[in-house]
Amino acid sequence: MHHFPSKVGQVQGQGTSGTQYKGVFDVMRHLYKEGGLRSIFRGTGATLIRDGPGSAAYFATYEITKKLLTPAGPSASELNLSAIILAGGTAGVAMWSLAIPPDVLKSRLQSAPSGTYSGFFDCLRKTVAQDGLAALWKGFGPAMARAFPANAATFVGDSSQALNVNTNLQSDFSLHPWSVGIWLIVNLRIARNTRNFETWSAYQNCEEASLSDVPDEFMTDVQEIFNTRNRIPKAWLGKKSTARYGGEGLDKLSEVEELSVVYLAWKRLRKMRASNERWSEADYVASVYNVFRSPAIKNSIFRVQCTVSLPQPPSIVTEDARRVLGTKSATPDCAVFLPAALTRPLSQSAKSPYKVLKNLPAIARSGTAARGSSFRYQSTPCAQLPDMPGFEFVSSFWEDKKPVHTFLDDAYRQNRIATASAARHLHSLNVKSPVIGLIWANGVVRAHVDWCDIVDDKPIVVSAPYSRPKNPTSDRPFHEWDLENPSDILQVYFLVRNIDEWTCGRFHSRVIEGLNELVENITLKNGTYQSWKWVGNTLPGLAAKALKENVVASFTSTSTTSSGSPPPKKDKHRRRRRSSH
């Protein structure tokens with residue numbers, strides 16, 4: 001909105017008359033002496049005549065253009081940067097096409113000596129009589145040259161803030177020949193929109209299963225991770241207490257240094273729920289979740305807001321799905337990594353698995369550093385490379401429910417996008433291991449177990465919501481831990497502790513076993529390596545030729561037991577189950 005006194009002062013100050021002004025207030029002082037307040041607000045009517053129709057054309061053109069650029073099905077709010085630029089620039093051109101004549105008259109009214117014109121229409125009549133209709137369009141060319149870029153930039157700024165555009169998407173436009181001009185969707189919008197997520201998961205070969213479908217080779221790991229009921233000695237709870245966790249027992253546990261953080265988080269949650277205030281998920285994160293979940297990670301590495309790369313679909317993406325599949329990164333709230341002390345022996349020495357695999361000619365040709373697809377990029381699930389070249393491995397991703405997540409299932413789908421990346425990363429390096437997902441929302445925690453299988457020579461990522469094995473008839477797919485319940489918050493604390501210990505224990509052993517087997521298969525048995533990050537429009541297998549030299553990696557390893565994919569019968573059962581929905 002224009003400030004009329006300052007605008008009049010600006011025009012007067014820029015005039016070519018002999019009068020010199022010291023500034024805007026000096027101009028206003030002279031105008032007031034000349035004709036009072038009416039002189040200061042001269043041109044107000046012309047400004048309203050200009051801005052009324054101009055603004056109507058401005059916003060109408062922007063909305064119409066967005067609608068024309070939006071393909072059938074998706075929302076116009078999901079347009080990408082180039083579409084917003086076009087719509088904003090077109091809106092500016094439409095506005096100034098109508099606004100130029102009244103703007104010319106407004107400028108003449110404001111710059112002419114007092115008494116020259118009696119009003120807007122008198123100025124219009126005298127201007128046309130003296131200079132013709134063409135005078136109303138003076139400055140049209142420069143105005144059009146300014147209108148498109150200026151208004152395009154205005155809408156780009158507004159849209160970027162409203163949609164929280166992921167800058168990684170913008171930097172990735174040059175990586176794929178089909179990315180430019182395609183509507184890309186940030187991963188939050190994939191999770192919120194069931195149709196988009198179904199498209200994404202279908203092309204990424206992601207399926208949902210039940211806990212009973214977890215492969216036998218992973219079941220022992222899962223049982224150990226979720227075994228939280230027997231972690232507290234009876235002596236901690238007093239002579240008359242049982243191993244079950246009760247409110248009184250939790251009060252006594254506050255004296256135990258290790259669990260004092262759990263007690264503090266529990267007390268805070270009870271206080272928050274007892275109050276009449278409305279709490280955001282960020283409040284729960286700061287006051288409850290991080291109070292006890294961060295200290296529970298003692299051996300592994302706990303990272304927050306770590307951006308991970310999304311996997312490339314195993315098959316060619318059709319034109320109508322590229323807008324969804326073009327999203328290349330996600331940012332889970334928390335991630336549990338193997339510590340550098342355990343990954344360093346796998347990466348640094350000349351005969352380490354990382355160096356052996358990286359130097360294989362066929363693997364070296366599988367991607368380029370310029371496109372972010374070389375083996376160094378493939379060796380980590382993160383979008384940003386580590387300081388030192390080498391492996392990074394994630395055992396668990398956690399998602400805190402966002403305000404944009406209308407339903408709890410939105411947070412589950414959001415976390416599945418991240419765990420799919422970890423599962424595909426592990427599979428590409430022959431590491432056979434589950435990935436654990438945790439979902440935190442409104443003081444309630446859910447869990448899921450994800451893993452990678454092979455069906456028809458293509459990787460599929462399976463996700464199983466965690467439910468209590470003793471309650472298979474429950475209609476709820478998830479078991480829920482309510483953190484206000486003393487028993488539940490203790491179980492979640494020890495669940496995080498179990499994930500931490502498993503990460504540096506059995507998960508680490510699985511990583512060593514898988515890498516050792518991969519090196520042997522490729523260097524001695526003419527095996528194959530499949531990259532999982534973006535290398536083009538398809539993800540073909542890469543046959544790595546056996547080397548003449550004996551370059552089997554030598555590093556500390558536990559005994560390796562070869563474990564194949566689940567039997568075909570189980571795969572067929574899963575596919576029949578999905579088709580029945």
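Guide: A contact means heavy atoms within 4.5 Å. Among contacts in the protein chain between residues at least 6 apart in sequence, 73% join residues at least 24 apart. This is a predicted model, in which local features need pLDDT of at least 70 and side-chain atom pairs count only at pLDDT 80 or more, while totals for chains, interfaces and linings use all residues. Residues are numbered from 1 along each chain as its sequence is written, and side-chain values use heavy atoms, with hydrogens and water left out.

Visitor: How many helices and strands are there in the protein chain?

Guide: The protein chain has 22 helices and 12 strands. These are DSSP runs numbered from the N terminus, helices (H or I) having at least four residues and strands (E) at least two.

Visitor: Why are H10 and H20 called roughly parallel?

Guide: Angles run from 0 to 180 degrees between N-to-C directions, with axes fitted to C-alpha atoms, for helices over the stretch in contact. Helix H10 (residues 194-203) and helix H20 (residues 408-428) pack at about 20°, their axes 11 Å apart. Angles under 35 degrees count as roughly parallel, over 145 as roughly antiparallel, 65 to 115 as roughly perpendicular and the rest as oblique. H10 and H20 are therefore roughly parallel.

Visitor: What makes H13 and H21 oblique?

Guide: Helix H13 (residues 260-274) and helix H21 (residues 486-525) pack at an angle of about 135°, and they are therefore oblique to each other. Their contact is made by Val261, Val262, Ala265 and Trp266 of H13 with Pro486, Ile489, Leu490 and Tyr493 of H21. By class, these residues divide into eight nonpolar, no polar and no charged; Ala, Val, Leu, Ile, Met, Phe, Trp, Tyr, Cys and Pro count as nonpolar, Asp, Glu, Lys and Arg as charged, and the others, Gly among them, as polar.

Visitor: How do you know that both faces of strand E5 are covered?

Guide: Buried means under 20% relative accessible area, exposed over 50%, and partly exposed in between (1.4 Å probe, protein chains only). In E5 (residues 334-337), Cys334 and Val336 on one side and Ala335 and Phe337 on the other are all buried.

Visitor: What makes E5 and strand E6 a pair?

Guide: Two strands pair if DSSP finds at least two bridges between them. E5 and E6 (residues 394-400) have four, in the antiparallel sense, and the bridge partner of Phe337 in E6 is Val394.
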